[in-house]
Amino acid sequence: MGRDDDYCFISPVSYKLRKGRLKGMKSFEFPYGTGTQSLVLDEQHIQYHFTSTQTKETAHEEEAIRYSLRHPIDSRPLVDCVKPGGTVVIIVSDVTRAVHTDRMLRAIVAELEEAGVADDQITVLVALGTHRQQTKEETAAVCGRDMMRRLNIVQHDCHDENQLVSVGTTSYGNDVRLNRLAVEADTVILTGAVSFHDMAGFGGGRKAVLPGIAGYDTIMTNHALALNPDCPYGMDPRCDAGKLSDNPIHCDMMEGVAFLKPAFLVNLVLTAEGKLHDVVSGDWQTAWQEGCRRLLALDGVPIEHLSDVVIGSAGGHPKDINLYQATKAHMNAVFAVKPGGILILAMACPDMYEPADFTDWFFRDDLDEVLSAVRQHFTIPAFSAYKTRCLIRMMKEVYIVTDRAYFEVIRRTGEIPAETMEEAWQMAQKTLQAENKTDYTVTVMPYAAATLPVYQKRDRS
């Protein structure tokens with residue numbers, strides 16, 4: 001599914017690739033919810049072990065963010081981009097994205113205060129996209145209780161026509177409708193974190209606007225560009241993780257956001273463990289693109305061989321808060337495994353059934369019927385479920401380590417449930433033995449949802 005296509009950026013990697021056939025048994029840790037799962041493996045079979053190196057982690061985050069706001073990329077400093085008497089809208093991610101929003105807000109508001117902007121001129125707009133409304137406690141966790149006391153915080157609703165206004169039509173025929181608060185503001189500031197995205201190539205940047213504060217039809221029209229009847233499985237291979245060049249979803253997003261003309265952007269580059277590695281600020285296009293390059297240098301891993309087995313984790317909470325978020329591990333892990341290989345993924349998914357419009361699609365057996373329905377009425381959850389099911393069908397077996405209460409859910413997806421990594425591994429070994437694979441290879445991906453294997457060799461032997 002686009003495994004051999006070129007990626008937009010190829011950079012030096014700060015990941016440690018444990019290569020070669022070592023001897024002895026080794027215990028590997030996999031994030032799982034708020035805890036971990038462990039598994040002992042024979043090192044002679046380990047082909048790659050993607051573990052973070054001792055990358056720079058920023059201890060004083062707000063200081064680092066404020067420094068970036070004052071030394072931006074292709075832009076004047078933030079204080080020079082705002083009108084002292086004008087209105088400011090700061091667009092922030094929702095609770096499904098652990099992107100240190102509270103720290104960004106404190107730094108931004110401090111700079112705005114120096115520029116003469118009062119608190120009552122500032123509105124924080126939570127970019128929910130198509131996600132559900134947040135609770136008060138969730139908003140406090142995202143924005144910080146201090147910011148909740150000081151600022152007006154509004155949650156976007158993609159279905160509320162009173163919130164939306166048309167700003168233009170893209171060359172892809174997408175009528176772009178955005179939240180009125182942002183459109184009418186004197187200054188719009190985008191926040192977020194750069195990440196890998198299985199359809200748009202990279203998250204962060206323009207995604208704060210589209211889908212973040214866009215209307216439902218605008219979002220669906222944009223994401224439906226992932227469909228292409230002339231491609232295998234009906235999916236456009238240009239719409240995949242790490243790809244921006246000629247990616248129609250990305251290109252449509254960029255055109256849509258250009259109608260808004262955001263004044264400034266601040267995006268974080270986080271380690272796979274969720275700690276701050278870098279900050280990019282400035283022009284909403286070029287600063288974010290630099291963030292993409294830095295993320296790929298941090299978490300993009302060039303590999304020369306595919307493995308028989310990939311054993312990994314979505315990366316723990318909140319990356320495995322529900323099945324919808326956790327399947328991002330599937331999207332990345334597939335780039336490291338041989339076609340017809342085995343995946344083992346740990347994901348706690350305490351909100352397993354959320355959102356319902358994802359899990360309902362995930363349970364449908366006839367993929368041709370699902371694809372036909374998605375073409376007729378595109379929704380992001382339906383497409384994500386369809387794509388994940390296609391990936392599952394490409395594998396020999398996919399094991400999901402989760403709570404026993406969710407076993408029936410996993411079985412309905414065509415995957416095999418297990419309570420521990422050891423249990424899943426024992427079942428996988430029986431399959432390998434039945435196929436007489438004694439010299440099998442294993443890739444270990446503890447942070448699969450945040451790690452992108454970049455396959456650089458055509459020979460799959």
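Okay, so helices here are DSSP runs of H or I at least four residues long, strands are runs of E of at least two, and both are numbered from the N terminus. With that in hand, look just after helix α15: asparagine 436 takes a positive phi of about 60° there.

Some ground rules. This is a predicted model, where local features need pLDDT of at least 70, side-chain atom pairs count only at pLDDT 80 or more, and totals for chains, interfaces and linings use all residues. Residues are numbered from 1 along each chain as its sequence is written, and side-chain values use heavy atoms, leaving out hydrogens and water.

Let's stay with α15. The helix covers residues 421-434, so 14 residues, and reaches 20 Å from first C-alpha to last, close to the 20 Å expected at 1.5 Å a residue (that expectation is 1.5 Å times one less than the number of residues). Which residues of α15 are buried? Met421, Ala424, Trp425, Ala428, Thr431 and Leu432, where buried means under 20% relative accessible area, exposed over 50%, and partly exposed in between, with a 1.4 Å probe and protein chains only. They cover an arc of only 115° around the axis, so they sit on the same side of α15; the arc is taken from the directions from the helix axis to the C-beta atoms. Facing away from that buried side are the exposed Lys430, Gln433 and Ala434.

Now the whole chain. We get 15 helices and 20 strands. The radius of gyration is 22 Å, close to the 23 Å that the globule rule gives for 461 residues, so the chain is as compact as a globular protein of that length. That radius is taken over C-alpha atoms, and the rule is 2.2 Å times the number of residues to the power 0.38. Buried residues make up 59% of the 461.

One of those strands is β5, residues 88-92, and isoleucine 90 is in it. Isoleucine 90 is buried, at a relative accessible area of 0%. Beyond residues up to four places away in sequence, isoleucine 90 touches several others, including Leu105, Ile122 and Ile189, a contact being heavy atoms within 4.5 Å.

Last stop, aromatics. Rings of Phe, Tyr and Trp (its six-membered ring) pair if their centres lie within 6.5 Å; planes under 30 degrees apart are stacked, over 60 edge-to-face, the rest tilted. That rule gives 7 aromatic pairs. Phenylalanine 196 and phenylalanine 202 have centres 5.6 Å apart and planes at 40°, so that pair is tilted. Both phenylalanine 196 and phenylalanine 202 are buried.
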